Every structure is written in C-alpha cells, then in structure tokens.
Amino acid sequence: MSAPEADQKVALVTGGTRGIGASIADRLRADGYKVATLGRSGGDVQADVSDPASVQAAFDEVREKLGPVLILVNNAGVTADGLAIRMPDDDWTKVIDTNLTGAFNCTKRGLEDMLKARWGRIVNVSSVSAERANSGQANYAASKAGLLGFTRVVAKEMGKRNITANAVTPGFIATDMTADLPQKEIAAAIPAARVGQPEEVAAAVAFLVSDDAAYVNGATLAVDGGLGA
C-alpha cells in the first residue's frame with residue numbers, strides 16, 4: 001500500500017510544547033505534516049500521558065480536529081533525580097509512569113489509527129542515560145532503557161503492518177531544562193566538544209518518520225555527539 005502524502009499525515013508529539021518536543025513539532029510542520037502537540041497543561045490538546053482515559057480523550061480530540069494519528073512521537077518525560085537509596089517511592093513511580101507507561105498508553109491509541117491506515121511511524125525519545133549510567137537517575141535511566149525495549153517489541157509486532165517503531169537517544173541538549181548546568185564543563189566530556197541543539201534531535205526524528213526510513217525499524221539512533229560511544 002502506498003504511503004499517504006505528508007500533508008495527509010497527522011503527527012502527534014507528546015511533550016511538544018517546549019524544548020526538544022517543540023523543535024520536533026516545528027520541524028514536522030515545516031516538512032508538511034499536520035501536527036498536534038500534547039502537553040499536560042498546554043499544547044493543542046491536554047492530557048496526563050500516564051492516565052489511559054486522559055490519553056484516549058486527547059486522541060479523540062486530535063482525530064476530530066485533524067484526522068487519524070499516523071505519526072506518533074513519544075517525547076513526554078519528567079525527571080526526579082536522587083540517589084537510588086534515598087529516592088522516594090513517589091519519585092520512582094512518577095518518572096516510570098510518565099516516561100514509560102505514558103509511551104505505552106499513547107502507542108496503544110496511535111496504533112488503532114495506524115493499523116486502519118496500514119501505515120504508521122512511531123518514534124520514542126529515549127536518552128543516552130538509557131545506555132550510559134548516570135548517578136542520581138535510577139528512575140530516569142530505567143524508564144528510558146525500558147523505552148528502548150518497548151520500541152523493539154512494537155517494531156517486531158508491527159513490522160508486517162507497514163508500521164515502524166524506532167528510538168532516538170539524545171545526549172546533552174541545550175534546552176531550558178539544562179540551561180542552569182555548566183555547559184562548558186559538560187561539553188568538554190563530549191567527543192563533539194559541544195552540547196547538542198533541539199533542532200538536531202528533530203532532524204533525526206524527521207528522518208525516522210519519512211518514507212526514506214521505511215526499512216528502518218526497531219533501531220536506536222544516537223544524537224549525542226558521541227557521548228554514548
């Protein structure tokens with residue numbers, strides 16, 4: 001079955017109101033897609049991705065306004081750092097529920113539309129922390145590593161349906177969340193000798209949702225300047 005034209009594809013970007021998510025949404029709009037951003041309290045539709053009912057309502061709203069969701073970028077994520085031995089149970093649960101269960105909730109809803117269209121693209125925004133230990137981020141690393149496993153399973157289950165699932169693992173990216181961190185010191189530890197820009201992650205996502213990536217499935221694309229090498 002031939003792929004729909006770009007202007008017929010609806011892309012939903014979770015966590016799409018700022019930082020990496022906003023850049024991904026901007027790039028996909030520039031590439032001709034119809035884009036909806038999902039945020040907890042902002043964006044085109046609002047939802048708590050950890051709540052299945054909330055996610056269902058958001059997908060229903062996007063379908064009504066723009067059409068079925070054929071491209072899903074699971075970017076919503078939170079952090080609640082702390083040493084594992086002292087990490088409050090709520091901080092563990094909050095990060096896992098948002099970063100991993102949220103992607104599961106959204107993927108289930110997105111696949112409903114993709115299966116009907118016999119075409120779909122899912123990109124999960126993981127992290128270099130999924131594969132490179134970072135003290136104080138047991139919950140975050142577990143959620144992002146789980147996201148890589150989840151990506152591969154969905155890729156295998158949906159490969160015959162013309163639906164791909166891939167992941168990107170951004171390294172240190174300059175966003176408002178990292179603005180207060182020592183950029184020069186961090187850049188010194190990165191082989192590229194600089195921090196990354198949100199637009200560079202967006203470019204990787206744009207490739208993975210494109211027709212050029214039709215045979216790329218279950219892959220993890222690092223966008224980290226070599227940090228995870």
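1. Exposed side of H2. Ala 53 and Glu 64 are exposed, and they sit on the face of H2 turned away from its buried side. The model is predicted, and the points below should be read with that in mind.

2. Buried side of H2. The buried residues here are Ser 54, Val 55, Ala 58, Phe 59 and Val 62. Viewed down the helix axis, the buried residues of H2 fall within an arc of 135°, so they line one face of the helix. Their cover includes the strands S1 (10–14), S2 (34–39), S3 (45–46) and S4 (69–74). Helix H3 is also among the elements that cover them.

3. Length and end of H2. This helix has 14 residues. From first C-alpha to last, H2 reaches 20 Å, close to the 20 Å expected at 1.5 Å a residue. Just after H2 comes Gly 67, with a positive phi of about 125°.

4. H2 against H3. How do the two helices cross, in angle and in hand? The axes of H2 (residues 52–65) and H3 (residues 89–117) cross at roughly 35° and come within 9 Å. The crossing is right-handed. On the H2 side, the contact is made by Pro 52, Val 55, Gln 56, Phe 59 and Arg 63. H3 contributes Asn 105, Cys 106, Arg 109, Gly 110, Glu 112 and Asp 113. By class, this contact has four nonpolar, three polar and four charged residues.

5. Helix H1. H1 covers residues 19–30, twelve in number. Its reach from first C-alpha to last is 17 Å, close to the 16 Å expected at 1.5 Å a residue. Ile 20, Gly 21, Ala 22, Ser 23, Ile 24, Ala 25 and Leu 28 are its buried residues. The buried residues of H1 pack against the strands S1, S2, S4, S5 (120–125) and S6 (163–170). They also pack against helix H6. Just after H1, Gly 32 takes a positive phi of about 105°.

6. Is Lys 9 buried or exposed? Lys 9 has a relative accessible area of 2%, so with the cut-off for burial at under 20% it is buried. Lys 9 belongs to the segment before S1. Leaving out residues up to four places away in sequence, Lys 9 touches Ala 3, Pro 4, Tyr 33, Lys 34, Ile 71, Trp 119 and Asp 211.

7. Positive phi outside glycine. Arg 118 is not a glycine, yet its phi is positive, at about 55°. Arg 118 lies in the loop between H3 and S5. With a relative accessible area of 56%, Arg 118 is exposed. Asn 162 is another residue other than glycine with a positive phi, near 65°. Asn 162 is placed in the loop between helix H4 (138–158) and S6. Its relative accessible area is 32%, and Asn 162 is partly exposed.

8. Gly 218. Where in the chain is Gly 218? Gly 218 lies in the loop between helix H6 (198–208) and strand S7 (220–223). Gly 218 and Ala 165 are 53 residues apart in sequence, but their C-alpha atoms are 5.6 Å apart in space. Not counting residues up to four places away in sequence, Gly 218 touches Arg 152, Ala 155, Ala 165 and Asn 166.

Conventions. Residues numbered from 1 in each chain as written. Predicted model: local features only at pLDDT ≥ 70, side-chain atom pairs only at ≥ 80, totals over all residues. Heavy atoms only, no water. Axes fitted to C-alpha atoms, helices over the stretch in contact; angles between N-to-C directions. Helix = DSSP H or I, 4+ residues; strand = E, 2+ residues; numbered from the N terminus. Left-handed = near helix turned anticlockwise from the far one by under 90°. Contact = heavy atoms within 4.5 Å. Nonpolar A, V, L, I, M, F, W, Y, C, P; charged D, E, K, R; others polar. Expected span 1.5 Å × (residues − 1). Buried < 20%, exposed > 50% of the residue type's maximum accessible area, 1.4 Å probe, protein only. Arc of directions from axis to C-beta.
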